[in-house]
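Here is a short report on one protein model. Look at the sequence and the 3D view first, then read on.

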Amino acid sequence: MASEPFTFGPHKINPAEVFYTTSLSFAMVNLRPVLPVKRFVDLSADETIDLWLTAKKVAGQLEHYHKASSLTFTIQDGPQAGQTVPHVHIHIVPRKAGDFKENDEIYDAIDQKEKELKQKLDVDKERKDRSSEERAQEAEEYRKLLL
């Protein structure tokens with residue numbers, strides 16, 4: 001495991017919260033593979049391939065782990081698209097029947113989360129920040145899935 005923090009836009013990510021890495025991407029407990037590039041069109045062909053292969057691998061394991069039946073993948077590319085962290089990243093959200101009244105409400109929830117970073121995808125509940133230990137424990141569980 002890396003000892004130096006990962007960089008996510010202006011944010012530093014504790015290595016204990018990262019559960020999968022490749023030479024170009026990483027996945028952290030809040031389910032967002034990232035690359036140190038601001039916009040999708042700036043990715044090289046190798047970075048694009050790596051990002052989507054990483055998303056595919058992580059998503060399949062998380063769907064199974066969470067006993068979900070579907071997945072939502074989103075990229076908010078640029079500020080007018082709702083991107084608040086200036087790095088390419090994919091939101092991977094395991095989905096279950098009825099998790100939102102209307103299926104597309106998830107996009108509003110993701111947009112709200114990106115803007116406020118204080119609200120959980122379950123918009124009916126207030127988000128409580130988790131401790132570093134809680135995030136590290138979740139990453140450890142996911143890390144085992146991807147061995």
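## Overall layout

The protein has three helices and eight strands. Helices (H or I, at least four residues) and strands (E, at least two) are DSSP runs, numbered from the N terminus. Read from the N terminus, the order of elements is β-β-β-β-β-α-β-β-β-α-α.

This is a predicted model, where local features need pLDDT of at least 70 and side-chain atom pairs count only at pLDDT 80 or more, while totals for chains, interfaces and linings use all residues. Residues are numbered from 1 along each chain as its sequence is written, and side-chain values use heavy atoms, with hydrogens and water left out.

## Burial and contacts

The protein has 147 residues, and 40% of them count as buried. Buried means under 20% relative accessible area, exposed means over 50%, and partly exposed lies in between (1.4 Å probe, protein chains only).

Now take the contacts with a separation of 6 or more: 56% of them join residues 24 or more positions apart. Contact means heavy atoms within 4.5 Å.

## Two packed helices

Two packed helices are described by the angle between their axes and the distance between the axes. Helix 1 spans residues 45-65, and helix 3 spans residues 132-145. They pack at an angle of about 110 degrees, and their axes are 10 Å apart. Axes are lines fitted to C-alpha atoms, for helices over the stretch in contact, and angles run from 0 to 180 degrees between N-to-C directions. Helix 1 and helix 3 are therefore roughly perpendicular to each other. Angles under 35 degrees count as roughly parallel, over 145 as roughly antiparallel, 65 to 115 as roughly perpendicular and the rest as oblique.

Which residues meet? Gln61, Leu62 and Tyr65 in helix 1 meet Glu141, Tyr142 and Leu145 in helix 3. By class, this contact of helix 1 with helix 3 has four nonpolar, one polar and one charged residues. Ala, Val, Leu, Ile, Met, Phe, Trp, Tyr, Cys and Pro count as nonpolar, Asp, Glu, Lys and Arg as charged, and the others, Gly among them, as polar.

Glu138 also lies in helix 3. Glu138 is buried, at 17% relative accessible area. Leaving out residues up to four places away in sequence, Glu138 touches Val29 and Arg130.

## Positions from the record

UniProt lists His89 for "active site" in an unreviewed entry. His89 sits in strand 7 and is buried, with a relative accessible area of 2%. Such annotations may be inferred rather than shown by experiment; feature names are shortened, and positions follow the numbering used here.

For "binding site", the unreviewed UniProt entry lists residues including Gln76. Gln76 is in the loop between strand 6 (70-74) and strand 7 (88-89). Gln76 is buried, with a relative accessible area of 9%.
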